[in-house]
Structures are given as structure tokens and as C-alpha cells.
Amino acid sequence: MVEYITGVNGIGKTKILAQTAIATAQLSKGNVVYIDCSDKLNLKMPSNIRLVNAKDYNISSAFGLYGFLAGLCAGDFDLTDVFVDSTLEIISNNKTNIKDFMEIVTRISDRTGVNFYFSICDEYEKELIHQSVD
């Protein structure tokens, strides 16, 4: 399963994503990873969630993020859920076709059973929108 939240900057996407990650980790029988482009949530996340700063791994493109996500799935068979906050800031490229990227991530999810959740800043979407990729 692949889901994402869109909306303008400052509308509360990170708060919702973090709360969802915490609730998911409490119920998960496996590992949960939260990827962000900073360390701002280090003290707020419980120890059962692996917090990863994408900048520590020099991820700067959609292709790089895809490879990182695929590597997480390949390296951890107990991985159940991955949360990616500030997706466009991580990939540093607004020319990336998000729809195509989500379709590729959906293929990883289908093959591995790992659920992916993304937050995407959309300067044109004034309301907070949850979407699922089919």
C-alpha cells in the first residue's frame, strides 16, 4: 500500500505523518522507518521507530530515493512500514513526476508487502488531502 498527504507548507502534514508512524509502530509486528530531511523529530519519535535523515545518505533525486527505499526493503525482511516526510525537499527536484514515482514505489510495496506513506508539499493545494495509490 502506498499513501500520501499533500497540502501547502505549514498545514500539518508532518504532524499527521508522525502521529500515524507512532500509532503504526505500536501495532506493528515488524520494523517501522521514518525518513526525513532533518533531525527535527529525533526527540519526539519513540525508540521503536528508526529515524533516518536522508541528507546523511546524500539522497537528492527520485531515483536515489527509490534506490534507498528498495535497499531498505531488501535489507530488512521485518520491515512493515516506511514513512517519508518532506518528499520533494528530499529529492530536490520539482520536475519529478510524482505520479510515476508513486507507481514505481507501489510495485516495491506489492512485491515486499511494505507499506509506504509520503508527505508532499503542494503550493497549489490549500487543503490537506490524503490519497492512496492504486
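Student: Which residues lie nearest the centre of the second largest pocket?

Tutor: Start with the idea behind the search. Rolling a probe the size of a water molecule over the atoms shows where empty space is left. Now the case here, which is a predicted model. N9, K13, T14, S86 and C121 lie nearest the centre of the second largest pocket. The lining has 14 residues in total, and the volume is about 220 Å³.

Student: Which elements each supply at least two residues of that lining?

Tutor: Three do: helix 1 (13–27), helix 3 and strand 5. Strand 5 gives the most, with three residues.

Student: How do the lining residues divide into nonpolar, polar and charged?

Tutor: Four are nonpolar, six are polar and four are charged.

Student: S86 was on your list. Where does S86 lie, and is it buried or exposed?

Tutor: S86 sits in the loop between strand 4 and helix 3. Its relative accessible area is 17%, so S86 counts as buried under the 20% cut-off. Check the backbone too. The phi of S86 is near 55 degrees, a positive value in a residue other than glycine.

Student: N58 also has a positive phi without being a glycine. Where is N58 found, and is it buried or exposed?

Tutor: N58 is in the loop between strand 3 and helix 2, with a phi of about 55 degrees. N58 has 67% relative accessibility, so it counts as exposed.

Student: Let us turn to the core. Which residues have the most contacts inside the largest nonpolar core?

Tutor: First the general idea. In soluble globular proteins, nonpolar side chains tend to be buried together. In this model the largest nonpolar core has 30 residues, and I35, L69, V82, M102, F116 and F118 have the most contacts inside it. Elements giving two or more residues include strand 1 (2–7), strand 2 (31–36), helix 2 (62–75) and strand 5 (115–121). The largest share, six residues, comes from helix 2. A second, separate core has 13 residues, among them A21, A25, V32 and M45.

Student: What is F118 in contact with, beyond its neighbours within four places in sequence?

Tutor: The partners of F118 include V2, Y4 and I5, then L17, L69 and V84, and also F101, M102 and V105.

Student: How many residues of strand 2 are buried, and which strands does it pair with?

Tutor: Keep one rule in mind. In a regular strand the side chains alternate between the two faces of the sheet. Here, five of the six residues of strand 2 are buried. Strand 2 pairs with strand 4 in the parallel sense over five bridges. I35 stands opposite V84 in strand 4. Five bridges also join strand 2 to strand 3 (residues 49–53), again parallel. There, D36 stands opposite N53.

Student: I90 is in helix 3. What does I90 touch, leaving out residues up to four places away in sequence?

Tutor: I90 touches I35, D36, C37, A54, I59, S60, S61, L65, V84 and D85. Its relative accessible area is 2%, so I90 is buried.

Student: Last one. Why does T106 count as buried, and what is it in contact with?

Tutor: T106 lies in helix 4. T106 counts as buried because its relative accessibility is 11%, under the 20% cut-off. Beyond neighbours within four places in sequence, T106 is in contact with V2 and V133.

Methods:
Residues numbered from 1 in each chain as written. Predicted model: local features only at pLDDT ≥ 70, side-chain atom pairs only at ≥ 80, totals over all residues. Heavy atoms only, no water. Core = buried A, V, L, I, M, F, W, Y, C linked by side-chain atoms within 4.5 Å. Buried < 20%, exposed > 50% of the residue type's maximum accessible area, 1.4 Å probe, protein only. Helix = DSSP H or I, 4+ residues; strand = E, 2+ residues; numbered from the N terminus. Contact = heavy atoms within 4.5 Å. 1 Å grid on protein atoms, 1.4 Å probe; cavity = no way out; pocket = protein on both sides within 12 Å on 5 of 7 lines; lining within 4 Å. Points joined across faces, edges and corners; volume = space filled by probe spheres on them. Nonpolar A, V, L, I, M, F, W, Y, C, P; charged D, E, K, R; others polar. Pairing = 2+ DSSP bridges.
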